[in-house]
Amino acid sequence: MDSGDASRCRNPDTLRGRARRATALAILIVLGTGPVGAQDRPAPARATPRPAPAAGAPADPVFEAMRAGFEALPEADRKAVQDALVWTGDFNAVVSGAFGRRTFEALTAYGARTGGADPLDPRGRAALLAAGAAARNAARFRVAVDPGTGAVMGVPERLLARRTALPSGTRWQSQDGRVTLESRAFPPGAESLDALFEKATAPLPGRKVTYKLRRPDTVVVTAETGPGLSYIRYASGPEGVRGFLLGYDRALAPEVDRLVIAVANAFVPFPDPAAAPAAQLPPGLAPAARAAAHPAPQPQAAPLRPASLSPAPASGAGLAVAPGRVLTAAAVLEGCAQPRIGAASARVLATDPAGLALLDVPGAPAPLRPALRTEPVGAEESVIALAPGADGVQAAPGEARGGDVIAALQPGSGGAPVLDRSGALVGLVARYPAAPRRVAGVVPPARLPVVSARAISAFLAAQGIAAAAPHSGGGPSAVAPAVVGITCR
């Protein structure tokens, strides 16, 4: 995809109104233009600038109170809050840690929509960060150094599942080709920002350049065609020029916009090699801030990787509860003639009306019996679901609701253990929908039924599996090695 045709990716002819276009492009324009001021507002993106307050006008007490609460947080925590608001769909500006009108509006919108605690007090902030982490994990958003360019890139890998190495970068695409992200790198002297800017803004039939920025070390151009939107960004440095191009179907804007924001916020064209490991963290989420916001274990951290987990896509999940015995949900085995765990065949030993099944699996991972949570989970308590994924066991934060769990679990999560923060077993996900609702290719948080810990205890006792001494310490992460993926053939 040439820098002059980033907006011409495959798209249908669905058109949106002018208001939708203005909103989508406003989101894109502010990104990549360098640090914003204390007002964190994208002035170039506004068709009608917000009028400045009249001299001597009284300050907004609500705005000032929120500013004081926000600015009292450490910088890393302020950035973590903004990053979480990007993922909840409420913040569409640069994650800078500075408080302004957009941060105020995002916090207000999130609080009004959730009806929960103040997102700046410890409990409310933990809930906000968990919601952002759940959406980020659901998108499989990976921030890492791109081997094709050397720049740090953030990529929503669940949506952009197709990856191709290019001579001077990397291309990621959705399966249907309606979203394309390309990174580009040019060695010193091979290309100039001026030439790239002229190419990106050159008149082309059917394309309208909606915004262009040329700074000494940065180029940003946005454009629209009838069916598509595009965003181009380049930066220059001693190593040459690096950047990326992103084009997507206009009809996908409501779902893809926040991913575009996240990609732009994560981009670091010339990272410090000594700081490269930090690129694996979510932007603005330093280890200290992450630990403060989410007591150990940390479900939004890198996926847990038990060696026993098969890399093949899982049809469901199970928990090794005794030597050669794996517990799962009976629904996982419906229509499954030959269940397997890794390379080993599994045989169904027993099922029960509660929706449980016990498998005989020679060579199953070492068992681990977590403590059983027999008392109800409180309305303000969070839970963690552990489910197998392509990159290891994924920890999805969620909340218990009656006999169900609300979490951003992806396909293959039927039978996944649900634990409280201490690592006690609340239950197993009883059933996962055959056709879950998707947003931008990922499944958002949804309500799923859970087989209770009491039912699990009774079932295992009936199968002669005596209650073992519960594992102490480690929280949910200690249970991960006993979580396995179940595939069907």
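Buried means under 20% relative accessible area, exposed means over 50%, and partly exposed is in between (1.4 Å probe, protein chains only). I wrote that down before opening the model.

**Ground rules.** I am working with a predicted model, where local features need pLDDT of at least 70, side-chain atom pairs count only at pLDDT 80 or more, and totals for chains, interfaces and linings use all residues. Residues are numbered from 1 along each chain as its sequence is written, and side-chain values use heavy atoms, with hydrogens and water left out.

**The disulfide.** I searched the whole structure for disulfides (cysteine sulfur atoms within 2.5 Å) and found one. Cys336 and Cys488 form it, with their sulfur atoms 2.0 Å apart. Cys336 sits in the loop between β11 and β12, Cys488 sits in strand β22, and the two are 152 residues apart. My strand and helix names are DSSP runs numbered from the N terminus: helices are H or I with at least four residues, strands are E with at least two. The torsion about the S-S bond of Cys336 and Cys488 is about -110 degrees, so I noted the disulfide as left-handed.

**The barrel.** Next I traced a closed barrel of six strands, in the order β16-β17-β18-β21-β20-β19, with antiparallel pairing. Two strands pair if DSSP finds at least two bridges between them. The twist averages 40 degrees from one strand to the next; axes are lines fitted to C-alpha atoms, for helices over the stretch in contact, and angles run from 0 to 180 degrees between N-to-C directions. Strands β17 and β18 are joined by four bridges, and Arg401 stands opposite Asp404 there.

**A hairpin.** I then looked at β3 and β4, which run antiparallel and share five bridges. Two residues carry the hairpin from β3 to β4, and Leu166 has Gly169 as its bridge partner.

**Aromatic pairs.** How many aromatic pairs does a search of the whole structure find? I got seven. Rings of Phe, Tyr and Trp (its six-membered ring) pair if their centres lie within 6.5 Å; planes under 30 degrees apart are stacked, over 60 edge-to-face, and the rest tilted. Trp87 and Phe141 are edge-to-face, at 5.0 Å centre to centre and 65 degrees between the planes. Trp87 is in helix α3 and Phe141 in strand β1, so their pair ties together parts 54 residues apart in sequence. Both Trp87 and Phe141 are buried.
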